Amino acid sequence: MIVQRVVLNSRPGKNGHPVAENFRVEEVNLPDCVNEGQVQVRTLYLSVDPYMRCRMNEDTGSDYITPWQLSQVVDGGGVGIIEESKHTNFMKGDFVTSFYWPWQTKVILDGNILEKVDPQLVNGHLSYFLGAIGMPGLTSLIGVQEKGHITAGSNQTMVVSGAAGACGSLAGQIGHLLGCSRVVGICGTPEKCLFLTSELGFDAAINYKEGNVAEQLHKLCPAGVDVYFDNVGGDISDTVISQMNQNSHIILCGQISQYNKDVPYPPPLPPAIEAIQKERNITRERFLVLNYKDKFESGILQLSQWFKEGKLKIKETMINGLENMGAAFQSMMTGGDIDYPPSTASYRKIIALPRGI
Ligand SMILES: NC(=O)c1ccc[n+]([C@@H]2O[C@H](COP(=O)([O-])OP(=O)(O)OC[C@H]3O[C@@H](n4cnc5c(N)ncnc54)[C@H](OP(=O)(O)O)[C@@H]3O)[C@@H](O)[C@H]2O)c1
């Protein structure tokens, strides 16, 4: 059987911006025999995520992710359905997910890399296992719980950068759910700002591409910042940290503004900002969701419960066609488009549903 797959066509270079042409689609033959321990799956949804930028380099700069190889199939978060199983844990028709899912329409996989998922947890929206009820949701939940030091009733103000993204949009909602009295988001378009305040319950939002962020933040956070969920790093984070209170906390989720630069992770703060951090005793510990696997099961149940109770709003961006994975990745890295006010009620996580399957 002929199937389609996406391979790495070229590397953007450690200091380059990724483009759709870094990927190419090709056809390959799928072997017709499934061996013991293997399953044949049909891909339903794939996710594009910022960490993949590091996988485009020859050296990812970290020990927990490996580089993608030129002309080899690209992999990441995926969800699909089992078509044939020779693994004792799975049956035909099971829905499964993996963090190492090849960008390929159908594929034979070692069953040991797969986990079964229960569609009831997401009311049948299987793509949510790649977003709010998956890795980004767990990142937001566990990040806030482990590093946010939120105490309900203590009048804390939370600021979230990258606030309209997969992690950020959930982190702000979770901040409220766990007891922050005020949540302010920072993101890149007026539509995203509107989406945060009118749909997700953020108290205010700042478009960092317009006006003076420091002044707006000062006005919108009159009591200073107690918790900062940092997705972006760079100038935005320096501005937020300057307005953080004594004994406050940074959740160091990601630093996307630095991913197209050859700098170590996490990038060191500029000396003046580091001085503020030390003087005010602001915590800024490295956070990696993969270090909290023991909390995944309970985290998924919590996120699912909030979603079903209507307390956690979820929006996705859905793009059809495996051939659009490269463009989807580029769009996600650069802020993409937001369909808000929505014509199709969709926003966030750019996921491609392979066409013709
Ligand atoms: N620590 C962990 O275990 C863990 C796990 C998952 C993700 N992360 C990190 O969490 C962060 C968010 O990931 P995500 O999946 O939720 O992605 P996302 O926020 O949905 O998408 C990335 C967004 O970042 C914003 N952005 C891009 N370049 C920027 C810049 N130079 N300055 C400010 N904003 C910029 C863009 O939105 P705008 O329109 O707002 O610019 C873009 O859409 C990333 O840094 C990622 O690496 C960490």
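**Close-up views of a predicted model**

**View A. Leaving aside neighbours within four places in sequence, D75 is in contact (heavy atoms within 4.5 Å) with M52, R55, W68, Y100, W101, P102 and W103.** The model is predicted, so local features need pLDDT of at least 70 and side-chain atom pairs count only at pLDDT 80 or more, whereas totals for chains, interfaces and linings use all residues. Residues are numbered from 1 along each chain as its sequence is written, and side-chain values use heavy atoms, with hydrogens and water left out. D75 belongs to strand β4, residues 75-85 (helices are DSSP runs of H or I with at least four residues, strands runs of E with at least two, numbered from the N terminus). Because its relative accessible area is 13%, D75 counts as buried (buried is under 20% relative accessible area, exposed over 50% and partly exposed in between, with a 1.4 Å probe and protein chains only). The D75 side chain makes polar contacts with the side chain of R55 at 3.1 Å and with that of W68 at 3.2 Å (a polar contact is a pair of N or O atoms within 3.5 Å; within protein, one must be able to donate a hydrogen and the other to accept it, and residues adjacent in sequence count only if both atoms are side-chain atoms).

**View B. The rings of W68 and W103, and of F287 and Y292, among the aromatic pairs of the model.** The structure holds nine aromatic pairs (rings of Phe, Tyr and Trp, the last by its six-membered ring, with centres within 6.5 Å; planes under 30 degrees apart are stacked, over 60 edge-to-face and the rest tilted). Between W68 and W103 the ring centres are 5.8 Å apart and the planes stand at 65°, so this pair is edge-to-face. W68 sits in the loop between α1 (52-55) and β4, and W103 in the loop between β5 (95-102) and β6 (106-110), so the pair ties together parts that are 35 residues apart in sequence. Both W68 and W103 are buried. For F287 and Y292, the centres lie 5.5 Å apart with the planes at 35°, so that pair is tilted; F287 and Y292 are likewise both buried. One aromatic cluster is formed by F23, W68, W103 and F329.

View C. With a relative accessible area of 17%, R5 is buried. Setting aside neighbours within four places in sequence, R5 touches R24, V25, E26, V28, S71, V73, W103, Q104 and L322. Its side chain is joined to that of E26 by a polar contact of 2.6 Å.

**View D. Salt bridges, of which the model has 12.** A salt bridge is a side-chain nitrogen of Lys or Arg within 4 Å of a carboxyl oxygen of Asp or Glu. D94 is buried, with a relative accessible area of 14%. Another bridge connects E309 and K311, whose closest N and O atoms are 3.0 Å apart; E309 is partly exposed at 40% relative accessibility, and K311 is partly exposed with a relative accessible area of 43%. Salt bridges that share partners also join R5, R24 and E26 into one network. Within it, the side chains of E26 and R24 meet at 3.4 Å, N to O, and R24 is partly exposed, with a relative accessible area of 30%.

**View E. The buried face of helix α4, residues 190-198.** K192, C193, F195 and L196 are the buried residues named here in α4. Seen down the helix axis, the buried residues of α4 fall within an arc of 160°, so they line one face of the helix (the arc is that of the directions from the helix axis to the C-beta atoms). These residues pack against β9 (182-187) and β10 (204-207).

**View F. F229 in the largest nonpolar core.** This core has 48 residues, of which I133, L196 and F229 touch the most other members (a nonpolar core is a set of buried Ala, Val, Leu, Ile, Met, Phe, Trp, Tyr and Cys residues joined through side-chain atoms within 4.5 Å). Not counting residues up to four places away in sequence, F229 touches T139, S140, V144, M158, V159, V160, S161, C167, A171, I251 and C253. A second, separate core of 28 residues includes M52, W68, W103 and M332.
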